[in-house]
Amino acid sequence: MPDFNKRRPISKALFETWTSILARCPFEALSALENQKEVIMEKYRFMCESDEDFIESIGSGKVSSVKKRFEKIEGLVKEIITV
């Protein structure tokens with residue numbers, strides 16, 4: 001289980017995924033995400049701790065893993081925006 005209070009090196013795979021998805025969001029969506037940042041962090045932590053598909057996708061550069069990372073994080077973002 002990851003310790004979210006401990007500093008670790010940045011995951012290039014996750015950084016690339018998050019920045020790419022957020023860069024495509026319209027301003028209104030970014031504002032909604034900012035207002036729900038605690039909810040995003042809670043759901044993201046849960047995904048990092050218990051979603052085996054997502055966890056496995058982080059350490060690989062295979063096309064299927066990259067697609068899985070994007071699907072999971074895009075789904076999280078869309079879920080928060082539509083709430």
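Let me start with one residue. Glu74 has a relative accessibility of 25%, so Glu74 counts as partly exposed. On this scale, buried means under 20% relative accessible area, exposed means over 50%, and partly exposed lies in between, with a 1.4 Å probe and protein chains only.

Some ground rules. This is a predicted model, where local features need pLDDT of at least 70, side-chain atom pairs count only at pLDDT 80 or more, and totals for chains, interfaces and linings use all residues. Residues are numbered from 1 along each chain as its sequence is written, and side-chain values use heavy atoms, with hydrogens and water left out.

Back to Glu74. The side chain of Glu74 forms a salt bridge with that of Arg24, at 3.0 Å from N to O. Glu74 sits in helix H5 and Arg24 in the loop between H1 and H2, so this pair ties together parts 50 residues apart in sequence. Arg24 is exposed, at 52% relative accessible area. The salt-bridge rule asks for a side-chain nitrogen of Lys or Arg within 4 Å of a carboxyl oxygen of Asp or Glu. That rule gives a count of four salt bridges.

Here is another. Lys72 and Asp51 meet through their side chains at 2.8 Å, N to O, in a salt bridge. This pair also links distant parts of the chain: Lys72 is in helix H5, Asp51 is in the loop between H3 and H4, and they are 21 residues apart. Lys72 is partly exposed at 24%. Asp51 is buried at 18%.

Next, a pair inside the helix. Glu71 and Lys68 form a salt bridge, with their closest N and O atoms 3.8 Å apart. They are three residues apart in H5, so about one helical turn separates them. Glu71 is partly exposed at 49%, and Lys68 is partly exposed at 26%.

Now the helix itself. Helices here are DSSP runs (H or I, at least four residues), numbered from the N terminus.

Which residues of H5 are buried? They are Ser65, Arg69, Phe70, Ile73, Leu76, Val77 and Ile80. Down the axis of H5, they fall within an arc of 130°, so they line one face. That arc is taken from the directions from the helix axis to the C-beta atoms. Turned away from the buried side are the exposed residues Val63, Lys67 and Lys78.

Notes
Helices (H or I, at least four residues) and strands (E, at least two) are DSSP runs, numbered from the N terminus.
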